[in-house]
Amino acid sequence: MQVDFSNNYFELFELPVVFDVPQEHLDTRFRSLQRFLHPDKFASEPDTQRRWSMQAASFVNEAYQTLSKPLKRASYILSLNGISLDEETDTQMSPMFLMEQMEMREALGDAPDASDPYAALEKISDQLRSAQRSSAADFTKAAGDENWDEARTIVRQWQFLEKLMSEVQTVEARLDDTV
């Protein structure tokens with residue numbers, strides 16, 4: 001088994017470049033590659049072989065982390081198609097989407113003071129999970145149609161949802177610390 005650093009992550013995991021990938025296949029291929037690259041197998045090899053093993057293991061880990069997470073996988077598919085997210089300079093978003101985000105942020109800000117803060121946070125989390133599922137389905141369609149502008153917009157909005165979900169988890173952790 002050889003790891004070719006010129007392969008994209010999908011090639012490394014012997015998958016077509018599509019959004020919907022079977023997690024079980026990713027897990028199985030990852031374990032197989034890790035067994036092959038285990039440092040003990042290269043302990044008696046020359047330095048160049050040991051370095052290659054470490055680089056290959058790092059490449060495999062990065063590929064697995066990217067393909068295992070839907071948002072990262074979508075971003076990676078965009079990059080394979082020459083689409084940049086321009087996260088720092090791209091501030092254009094649908095006004096309706098931004099309004100929804102502001103409303104959820106307000107609800108998140110109010111959640112700790114609610115009569116049942118955990119229920120308030122769960123409601124926000126449910127909305128975010130639903131929006132993330134919709135983003136995944138919308139991305140699958142846009143990418144399948146090779147509508148890269150639409151796919152890029154979906155990923156940019158999905159990033160907002162992911163960030164807000166992380167903030168919900170932070171608020172929940174703070175609540176847990178005060179109990």
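Accessible areas come from the Shrake-Rupley method with a 1.4 Å probe; for residues, only the protein chains shown count as cover.

**View 1. Surface of the predicted chain.** The model is predicted: local features need pLDDT of at least 70, side-chain atom pairs count only at pLDDT 80 or more, and totals for chains, interfaces and linings use all residues. Residues are numbered from 1 along each chain as its sequence is written, and side-chain values use heavy atoms, without hydrogens and water. The accessible surface of the chain is about 10900 Å². Carbon and sulfur atoms hold 50% of that surface.

**View 2. The helices of the chain.** The chain has seven helices and zero strands. Both are DSSP runs, numbered from the N terminus: helices are H or I, at least four residues, and strands are E, at least two. The radius of gyration, taken over C-alpha atoms, is 20 Å, well over the 16 Å that the globule rule gives for 179 residues, so the chain is more spread out than a compact globule. That rule is 2.2 Å times the number of residues to the power 0.38. Along the principal axes, the C-alpha atoms fill a box of roughly 65 × 45 × 30 Å.

**View 3. S53 in helix α3.** Helix α3 covers residues 47–68 and includes S53. S53 counts as buried because its relative accessibility is 3%. Buried means under 20% relative accessible area, exposed over 50%, partly exposed in between (1.4 Å probe, protein chains only). Leaving aside neighbours within four places in sequence, S53 is in contact with L37 and F42. Contact means heavy atoms within 4.5 Å. Across the chain, buried residues make up 37% of the 179 residues.
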